[in-house]
Amino acid sequence: MDGMIFDIQRFSIHDGPGIRTTVFVKGCSLNCFWCHNPESIHKKQELQLFQSKCIGCGDCIKACPPKAHIVINNNKTYQREKCISCGKCADGCFSGALVMSGKIVSAEDVVAEIIRDKSFYDESGGGVTISGGEPLLQKEFVIEILKLCKANGIHTAIETAANCRWNDISDVLQYTDMVMTDIKHMNPDKHKWATGVSNERILANAEKIAEYGIDTLFRTPVIPTVNDTNEEISAIAFFVRDLMSKYQNSSIQLELLKFHQLAGDKYKSLGIDYKAGLLNRYLKKECWSCKISLIIL
């Protein structure tokens, strides 16, 4: 079974318990304007151009079949609209200015990479996390990875936006020890404004996940202009607390994720406008950690 990924990150400590390997798949059903992995949004392969790394050798011009790389007025120019994402220019770019985001790999090859660090998982209580993008858009590929990891005694986790059919989620949960999913907002209209989709399906699936009884970490990225008020954060915390109480599920947790603007270069490399870069004047120093603890407990 083959799938499209854009990265495998070893020794990750932020995507579940212990030391983990995080597999990032391409393709997402949301379009959050602050997304930290813009290269994950589209399932197809994409060329990233990091202009600051270009040394002007001109090898990309020679390698590009559709002539997307040209020289105009003594300036090297990349015409993204002509690019066919063949990757030939990136293959010969030893400076790292050109990078192909996305590659087709087999589940077996991914698991072979994961197993390399099994001793670290065993010592730290870690494992593998399938992230993205949205893993459930490549459900069969993800299930195959999870099955093989379980067969090798590796703890498994997925990160999902939960904007999909419940049957797809439940199919994957059969081979998953832990699930992480975002609750970005309780208001469907504001959720749609911020992410491109409403939240009704996401919240319904969040409740079903809570009922399922699996270890669950709900995450809320605190984004200026989106959900950074006391009322909005508290509404999410009350929702999670009610799920814990309703299903007597003590394995549920809620984590707030701090907003950052470290993805600007990624957006630029893909020729995408980085809208989150305009939020500096809205940043606040307020912290809700103690308030969330009180609400949940």
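Let's start at cysteine 60. Cysteine 60 is buried, at a relative accessible area of 8%. Keep in mind that this is a predicted model.

So what is the closest cysteine sulfur to that of cysteine 60? It belongs to cysteine 54, and the gap is 6.2 Å. That is too far for a bond. The cut-off for a disulfide is 2.5 Å between the sulfur atoms.

Next, cysteine 89. Is cysteine 89 buried or exposed? Buried, at 7% relative accessibility. The closest cysteine sulfur to that of cysteine 89 sits in cysteine 64, 6.0 Å away. Again, that is too far for a bond. For the whole structure, the disulfide count is zero.

Now the cavities. How many cavities of 30 Å³ or more are there? There are two. The largest cavity has a volume of about 120 Å³. It is lined by 16 residues, and the closest to its centre are Cys54, Cys57, Cys60, Cys93 and Ser95. By class, the lining of the largest cavity has 10 nonpolar, four polar and two charged residues.

The second largest cavity holds about 50 Å³ of space. Cysteine 89 turns up in its lining, and so does Cys64. Cys83 and Cys86 are also in that lining, along with Leu47, Ala68, His69, Tyr78, Ile84, Ser85, Gly87 and Met100. By class, that makes nine nonpolar, three polar and no charged residues.

On to the open space. The largest pocket holds about 1,200 Å³. There are 39 residues in its lining, and the closest to the centre are His36, Asn37, Glu159, Arg219 and Leu257. Which elements give two or more residues to this lining? They are strands S1 (2-12), S9 (155-160), S10 (178-182), S11 (215-222) and S12 (252-258). S1 gives the most, with four residues. By class, the lining of the largest pocket has 14 nonpolar, 14 polar and 11 charged residues.

H7 covers residues 188-195, and its buried residues are His191, Ala194 and Thr195. Why do they count as being on the same side of H7? Because they cover an arc of only 80° around the axis. On the other side of H7, Asp189, Lys192 and Trp193 are exposed. And what do the buried residues of H7 pack against? They pack against H8.

H8 runs over residues 200-212, and alanine 210 is found there. Alanine 210 counts as buried, at 1% relative accessibility. Leaving aside residues up to four places away in sequence, alanine 210 touches Leu243, Tyr247, Asn249 and Ile252. Look also at serine 250. Alanine 210 and serine 250 are 40 residues apart in sequence, yet their C-alpha atoms are 9.7 Å apart in space.

First, the peptide bond from glycine 132 to glycine 133. That bond is cis, with omega near 5°. Where is glycine 133? In the loop between strand S8 (127-131) and helix H5 (139-151).

Then lysine 67. Phi of lysine 67 is near 60°, which is positive, and the residue is not a glycine. Lysine 67 lies in the loop between helix H1 (59-63) and strand S4 (69-72). Lysine 67 counts as partly exposed, at 45% relative accessibility.

Finally, glutamine 248. Phi here is near 50°, again a positive value in a residue other than glycine. Glutamine 248 lies in the loop between helix H9 (230-246) and S12. Is glutamine 248 buried or exposed? Exposed, at 67% relative accessibility.

To recap. Zero disulfides. Two cavities of 30 Å³ or more. A largest pocket of about 1,200 Å³, with S1 giving the most residues to its lining. A cis bond from glycine 132 to glycine 133. And positive phi at lysine 67 and at glutamine 248. Thanks, that's my part.

Definitions and conventions
Residues numbered from 1 in each chain as written. Predicted model: local features only at pLDDT ≥ 70, side-chain atom pairs only at ≥ 80, totals over all residues. Heavy atoms only, no water. Buried < 20%, exposed > 50% of the residue type's maximum accessible area, 1.4 Å probe, protein only. 1 Å grid on protein atoms, 1.4 Å probe; cavity = no way out; pocket = protein on both sides within 12 Å on 5 of 7 lines; lining within 4 Å. Points joined across faces, edges and corners; volume = space filled by probe spheres on them. Nonpolar A, V, L, I, M, F, W, Y, C, P; charged D, E, K, R; others polar. Contact = heavy atoms within 4.5 Å. Arc of directions from axis to C-beta.
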